[in-house]
Amino acid sequence: MRSEMSFIVKTAVSCLVISAPLVCISNAPAFAAENPRPVRKSTGVELPLAKRTAGDVAPATADQMLNDLRDTRLSLNQLKQQAINLFLEATRIPMTVNDAPVEQSPVSISSAMLDSNRKYLAPRKEWLVLYVNTLEPIVHLLCEDISDVDTNGLGVSKAIADRVNPLWKTWRANVLDINKALDQVQDSLPVGSDPDRADSNTVIAKAALEIFQKAEDLEKVRYQAALISIEEYKKEAAAKSAASAAPAVTK
């Protein structure tokens with residue numbers, strides 16, 4: 001799970017700081033040019049994603065691989081947090097003096113928390129745009145990472161690749177599912193000055209649940225990949241150490 005994983009968090013954080021959502025890839029429905037999303041004012045700063053080519057693909061070192069996997073965990077945490085934010089925005093209920101205040105927002109969400117028969121307040125456009133604009137750079141870079149690996153491979157040793165390839169297939173499918181869910185949120189956003197769309201709460205809440213659950217699944221894949229990498233790198237180091245310690249053979 002090498003490629004540009006370490007770049008995901010760095011660029012995503014930079015995007016949030018400068019408020020400049022990335023231009024999205026053309027083959028992903030959530031980022032189609034013909035269906036633009038409301039965005040915050042851009043500073044004009046561009047953050048290009050370095051592309052690997054067949055000529056510069058090399059197996060990652062242990063430090064590079066494990067740093068990338070650690071950084072991927074940080075970006076997945078961002079996905080889950082924004083999914084929670086979207087869900088809570090879509091499931092707000094009118095408060096009365098008879099309702100007990102909630103001390104803290106939840107750190108996870110589930111389908112049991114959504115009542116499709118309940119009347120929720122209309123989601124606020126400004127907050128939806130904020131959460132979507134925060135999600136977009138991360139999902140964009142995850143999709144770019146898939147494109148990179150499809151073209152150039154994982155960039156790991158054969159020993160790691162043989163064990164990680166099945167995990168990569170799961171990773172790939174889940175990222176694309178997250179992209180589709182983000183597209184569903186986009187389709188539910190109010191456009192321009194139009195009033196909030198009726199019945200968008202359930203669509204947004206279900207899409208947020210999908211993003212959160214898929215991000216949870218991705219975290220399990222990431223963790224397994226980290227365990228595999230550590231095990232294989234230790235084997236590799238032990239083999240090199242044994243080879244260097246072996247006495248030279250004389251003829």
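Contact here means heavy atoms within 4.5 Å. With that in hand, residues 24 or more positions apart account for 86% of the contacts in the protein with a separation of 6 or more. You're looking at a predicted model, where local features need pLDDT of at least 70, side-chain atom pairs count only at pLDDT 80 or more, and totals for chains, interfaces and linings use all residues. Numbering starts from 1 along each chain as its sequence is written, and side-chain values use heavy atoms, with hydrogens and water left out.

Start with a cartoon view: there are 5 helices and 0 strands (DSSP runs numbered from the N terminus; helices are H or I with at least four residues, strands E with at least two).

Next, select residues 125–152, helix α3. Of its 28 residues, 21 are buried, so α3 is largely enclosed by the rest of the structure (buried means under 20% relative accessible area with a 1.4 Å probe, protein chains only). Zoom in on E136, where α3 bends by about 25 degrees (the angle between axes fitted to the seven residues ending there and the seven starting there). A proline, P137, follows within four residues.

Show side chains where they meet, including V132, L135 and I146 from α3 and W168, W171 and L182 from α4.

Technical notes:
Axes are lines fitted to C-alpha atoms, for helices over the stretch in contact, and angles run from 0 to 180 degrees between N-to-C directions. Buried means under 20% relative accessible area, exposed over 50%, partly exposed in between (1.4 Å probe, protein chains only).
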